[in-house]
Each structure stands twice: as structure tokens, then as C-alpha cells.
Amino acid sequence: MLIFVANKDSQLIMESLKTEQSFVCRHPEGQLIYLAEHLSLPASLNPHRQAIEILDKHDDYPLVAKRNIAHEVKIGDVTLGDGKLQLIAGPCSVESEDQLIETAKQLNKLGIKFMRGGAYKPRTSPYSFQGLGHDGLKLMQDVAKMHDLHAIVELMDVRLLDTFLEAGVSAIQIGSRNMQNYDLLKAVGRTKIPVILKRGLAATIKEWLLAAEYIAAQGNSQIILCERGVRSFEPSYRNMLDITAIPVAKKETHLPVIVDPSHAAGRTDLVAPLAKAAVAAGADGLLIEIHPQPSKALSDKDQALSFNEFEELVRDLKLINRAPHASEGSDELEK
Ligand code: PEP
Ligand code: MN
């Protein structure tokens with residue numbers, strides 16, 4: 001059973017509940033408490049007298065489902081899903097300090113606050129570049145910090161979670177291939193670090209939201225959904241960007257929804273049109289692969305935008321973000 005308890009009554013109520021057997025999510029206006037199936041609301045608590053709201057027991061994903069409860073997701077000091085478009089950009093893989101410094105400078109120039117970069121890479125072939133591992137993770141955090149950026153890095157192995165937390169990255173990316181790695185989801189759910197949860201290559205929206213619920217059910221409500229294209233029958237591009245998933249996910253949940261047009265496109269020439277379509281459809285942000293010398297990238301070189309191409313896209317996005325049907329506030333891109 002899921003109950004919502006307003007802040008003013010929460011202490012009293014928490015004392016009456018066996019909190020060790022409940023999962024708790026904090027919200028600005030109160031707390032969501034999930035009571036395991038075998039627990040019931042203590043008789044001493046009266047939903048009418050105290051500010052307890054029993055939420056729909058039959059929701060498949062009650063914690064991430066759309067509610068009127070104010071809910072903020074933040075990476076560092078930046079709020080996602082507040083109507084301003086946020087951009088996350090950087091290389092597919094961390095390759096060198098110089099590569100990251102050049103990237104960080106470009107992000108600074110464009111007023112972008114988030115830098116992505118993979119240190120442990122999920123590659124289809126075991127003979128492809130696997131990432132710089134711990135050195136890459138450290139480089140990401142050091143360079144990001146030096147340039148006042150928030151580092152976002154993919155975590156594949158639950159055994160490395162503490163290493164990621166110690167490194168101090170601002171958010172963890174759970175990649176497509178791990179969307180249903182439930183032990184990994186539970187582990188990040190037990191932390192407070194923001195999680196960017198990519199949609200699985202062939203996952204339904206419901207499976208994606210249930211994966212998010214796994215994280216929330218452990219107490220971590222700092223979840224950002226990321227649509228990155230799904231497998232289709234079409235071979236002329238890498239994945240089919242599911243534009244429809246953006247309004248569906250936003251309607252179903254209170255979580256910010258961002259879009260990765262790079263892994264959908266698989267080709268640089270398609271990244272900009274997909275990015276614009278995503279913003280027009282209501283995406284709260286974009287995650288884009290860029291590289292100082294795309295042709296030399298050690299992974300995903302066919303989809304990496306050059307700095308010039310990226311700059312041009314950012315310019316165009318400012319115009320789309322002002323379109324009447326788009327969310328208000330393009331300030332973040334104005335800077
Ligand atoms: C990535 O972001 O580099 C990546 C591997 O993405 P995805 O999990 O969407 O394939
Ligand atoms: Mn990539």
C-alpha cells in the first residue's frame with residue numbers, strides 16, 4: 001500500500017509505522033511511504049484526521065506515477081523538468097584529458113552545465129575499445145569540477161557503485177542494456193544520487209517506468225527518464241526514436257524526460273532533426289554525443305557531432321524552445 005503523509009503529521013505517523021519495513025520517498029510537501037504487502041496501516045492512524053492519503057493500490061508504478069505532489073529532480077544545483085531545456089553533452093567515451101578539457105571548454109562557452117562521458121563502455125564486441133575504466137572516471141570528475149560542470153557517467157557493474165560515489169560524479173547513467181538489471185536499479189535506488197535511466201533497446205514504456213519504480217521503491221526519487229530509440233525493422237539508421245514516448249512518459253509520470261538523439265540516429269546528419277523533434281514534443285532535455293575530432297572517436301564516431309555542428313544545433317534549439325507550444329523559458333540557452 002502506498003500512502004502520502006503531509007509534512008505536518010509525518011513525525012507522528014512515522015513513529016507509528018514500522019519504518020524499517022517501508023520504503024520512503026521524500027517530497028517537498030510530505031513523504032510517500034510504501035508499506036509492504038503484508039503490512040497495513042496501523043489502526044491508530046486515521047486517514048481522515050491525520051493528513052494521510054491512501055494512493056491507488058493498483059497503480060503499477062505508484063511512486064513514479066503522475067501526481068499533484070510537487071516533485072523536483074535536480075542534478076547538483078540544476079533542476080530538471082521545470083520547463084527549461086537542459087543540455088547534456090560530451091563524448092561517448094572518455095579517451096584523454098585533452099579531449100575532455102576541450103569538450104569542457106566548449107560546454108562552458110555555450111553555457112551548458114552537464115558533461116557526459118563513458119569510462120566503462122558497454123560495447124557490442126569484446127574487441128572494441130572498452131573505456132579507460134577507473135582512470136576515465138577520475139578524469140571525468142576532475143575535468144568537470146575544474147570547469148564547473150556536472151559529470152554524468154554510465155555505471156554498468158553494481159560492484160563499482162561505491163567507486164562512482166567516491167569519485168563524486170553528479171549523476172549516474174543506467175544504460176539501455178542495463179535497464180532491467182534489477183540489482184543495479186535497487187543499488188542506485190538505495191543512494192541519493194540522481195539517475196538517468198535510459199530506455200531498453202526493446203523495452204515497452206511500461207517496462208521502462210517499472211524500472212524507474214525499482215529505483216524509487218528503494219527511496220531514491222531523483223530519476224530522469226531518457227528515451228534513446230528502440231530497435232525496429234528499419235536498417236537505414238541505428239534505432240527508431242520513439243517521439244510518442246515523450247508525451248506518454250510525461251503524462252504517466254512526474255519524472256523529467258530527456259532524449260538522446262545520438263544513439264537513435266547513429267549518424268551525425270540525423271542528430272539535429274531528431275533533437276529538434278524531441279524538444280518540440282516536450283522533452284525536458286537532450287543528451288548529445290560530441291567530440292573534438294569525431295572521425296578519431298574511439299566509440300560511436302559516426303554519430304558524434306563536431307563542436308561546430310553542436311553549436312549550430314544549440315542556436316537552432318533556442319528558436320524551437322521559443323515556439324508557442326513549447327515549454328516556457330529558454331533562459332538556460334540564452335546565456
Ligand atoms: C551511451 O550513452 O554511450 C550508451 C552506451 O548509450 P545506450 O545505453 O543508450 O546505448
Ligand atoms: Mn555512445
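1. The shell around ligand 1 divides into 2 nonpolar, 4 polar and 4 charged residues (Ala, Val, Leu, Ile, Met, Phe, Trp, Tyr, Cys and Pro count as nonpolar, Asp, Glu, Lys and Arg as charged, and the others, Gly among them, as polar). Ligand 1 is surrounded by Cys92, Gly118, Pro122, Gly175, Ser176, Arg177, Lys198, Arg228, Asp260 and His263, where a residue is near a molecule if its C-beta atom, placed from the backbone, lies within 6 Å of it.

2. This is a predicted model, in which local features need pLDDT of at least 70 and side-chain atom pairs count only at pLDDT 80 or more, while totals for chains, interfaces and linings use all residues. Residues are numbered from 1 along each chain as its sequence is written, and chains are lettered from A and ligands numbered from 1 in the order in which they are written.

3. The protein has a mean pLDDT (the predictor's confidence in each residue, from 0 to 100) of 88, and 79% of its residues reach 70 or more. Residues 325–330 have pLDDT below 50, and this stretch has 13 contacts in the model beyond near neighbours in sequence (C-beta atoms, placed from the backbone, within 7 Å).

4. Helix α5 (residues 182–189) packs against helix α6 (residues 205–217) at an angle of about 40°, their axes 7 Å apart. Axes are lines fitted to C-alpha atoms, for helices over the stretch in contact, and angles run from 0 to 180 degrees between N-to-C directions; helices are DSSP runs (H or I, at least four residues), numbered from the N terminus. On the α5 side the contact includes Tyr182 and Leu185, and on the α6 side Ala211 and Tyr214. By class, this contact of α5 with α6 has 8 nonpolar, 1 polar and 1 charged residues.

5. Helix α2 (residues 97–110) and helix α3 (residues 134–146) pack at about 35°, with axes 10 Å apart. Glu97, Leu100, Ile101 and Ala104 of α2 meet Leu139, Met140, Val143 and Ala144 of α3.

Technical notes
Contact = placed C-beta atoms within 7 Å. Helix = DSSP H or I, 4+ residues; strand = E, 2+ residues; numbered from the N terminus.
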